[in-house]
Amino acid sequence: MRIKDLHGTVELANGTKMPYLGLGVFQTPNDQIKKAVHAALDFGYRHIDTAAFYENEDGLGEAIKTHAIPRKELFITSKVWNTDQGYDQTISAFNQSLKKLQTDYLDLYLVHWPVKGKFLDTWRALETIYEEGRVRAIGVSNFMQHHLEQVMESGNIVPMVNQVEFHPHLVQQDLVDFCKKHNIQYEAWSPLMQGKVFEIDLLKDLSAKYNKTIAQIVLRWDLQKGVVTIPKSVKKNRIEENASVFDFEISEEDMKKIDALDCEGRIGPHPDDI
Ligand code: NAD
């Protein structure tokens, strides 16, 4: 990943350009999303990550429509929820998401979790939607290596993205390496451990050393590891802070120190328990 500024992108396996830093909107209520998204777009964000499960696609649709930036300059991700998995249900869920988002295509559509007995059919539906030209890229979320291998064996298209819990306490370097080998872009959810990164001593030290906030250190670490990141905030000052990570570089030595914080510490469920 060549890191330049907030408009920088990674190129997915099919050539689609995905901004490597976006705004997450999990737990952002419909009545706050417009303000948050507009603050992000005004500052230069072009990538927003939602999901049917977040129940704010309609608010996001309104936010996009009422902002001056044209739809084609934005990168919008949504995801099919677990109870909508299966071939036909996924196609309907996708149509529903488009309607709520007031758009006729998505930039990225993901299988939210690998629901046992369903996710291969769900993937076939994503392939259909992709072949119809209604989504620019398709991928998965919360897939372990064995889930990815099943999709790669039974499907026609290799997932282009895997969005996974990723932060200093959960690195899963083997999965990162597997994805890299197969040209599956790794994407971090809960990059700030939903606020828990602020308690980690090493990060406090690095924050002082680089004269950057802990959030900025962690998000810069994501990018330097080649991982797309989507921190969530509804506050303008934090939205701006989280995207101000382009005027410093973490040394190799300090990158390794952050890597060494890994302790398999999940804040979300294990994908095999879904
Ligand atoms: P996060 O790690 O981004 O943390 C967000 C919280 O950290 C905020 O609510 C705020 O309290 C705090 N915060 C943010 N910026 C801050 C700053 N600069 N200073 C101090 N505090 C700050 O958590 P998240 O929302 O769980 O994850 C980010 C996004 O990832 C989500 O919004 C969603 O889009 C996506 N996500 C996906 C999945 C999935 O299963 N695919 C699961 C969870 C989240």
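1. Helix 10 (residues 252-259) has three buried residues, D254, M255 and I258. Buried here means under 20% relative accessible area and exposed means over 50%, with partly exposed in between (1.4 Å probe, protein chains only). Seen down the axis of helix 10, the buried residues fall within an arc of 105 degrees, so they line one face of the helix; the arc is taken over the directions from the helix axis to the C-beta atoms. The face turned away from that buried side carries E252, E253 and K256, which are exposed. Among the elements that cover the buried residues of helix 10 are helix 7 (201-210) and helix 8 (214-224). Contact means heavy atoms within 4.5 Å. Helices (H or I, at least four residues) and strands (E, at least two) are DSSP runs, numbered from the N terminus.

2. On the basis of the note: this is a predicted model, in which local features need pLDDT of at least 70 and side-chain atom pairs count only at pLDDT 80 or more, while totals for chains, interfaces and linings use all residues. Residues are numbered from 1 along each chain as its sequence is written, and side-chain values use heavy atoms, with hydrogens and water left out.

3. Helix 5 (residues 145-154) buries H147, L148 and V151. These residues cover an arc of only 100 degrees around the axis, which puts them on the same side of helix 5. They pack against helix 4 (119-131), strand 7 (135-141), strand 8 (161-165) and helix 6 (173-181).

4. The axes of helix 2 (residues 57-65) and helix 3 come within 7 Å and cross at roughly 45 degrees. That makes helix 2 oblique to helix 3. Angles under 35 degrees count as roughly parallel, over 145 as roughly antiparallel, 65 to 115 as roughly perpendicular and the rest as oblique. The axes are lines fitted to C-alpha atoms, for helices over the stretch in contact, and the angles run from 0 to 180 degrees between N-to-C directions. On the helix 2 side, E57, D58, L60 and G61 meet S97, K100 and L101 of helix 3.

5. The structure holds 9 aromatic pairs. Rings of Phe, Tyr and Trp (its six-membered ring) pair if their centres lie within 6.5 Å; planes under 30 degrees apart count as stacked, over 60 as edge-to-face and the rest as tilted. For F94 and Y109 the ring centres are 4.8 Å apart and the planes at 70 degrees, so the pair is edge-to-face. This pair links distant parts of the chain, with F94 in helix 3 (residues 87-101) and Y109 in strand 6 (residues 106-111), 15 residues apart. F94 is buried at a relative accessible area of 0%, and Y109 also counts as buried, at 0%.

6. The rings of F119 and F143 have centres 5.2 Å apart and planes at 75 degrees, so this pair is edge-to-face. F119 lies in helix 4 and F143 in the loop between strand 7 and helix 5, so the pair ties together parts that are 24 residues apart in sequence. Both F119 and F143 are buried. Elsewhere, ring pairs link F166, Y186 and W221 into a cluster.

7. The charged end of R71 sits over the ring of Y105, 3.9 Å from its centre. R220 lies over the face of F248, at 5.8 Å from the ring centre. The criterion is NZ of Lys or CZ of Arg within 6 Å of the ring centre and within 35 degrees of the ring normal.
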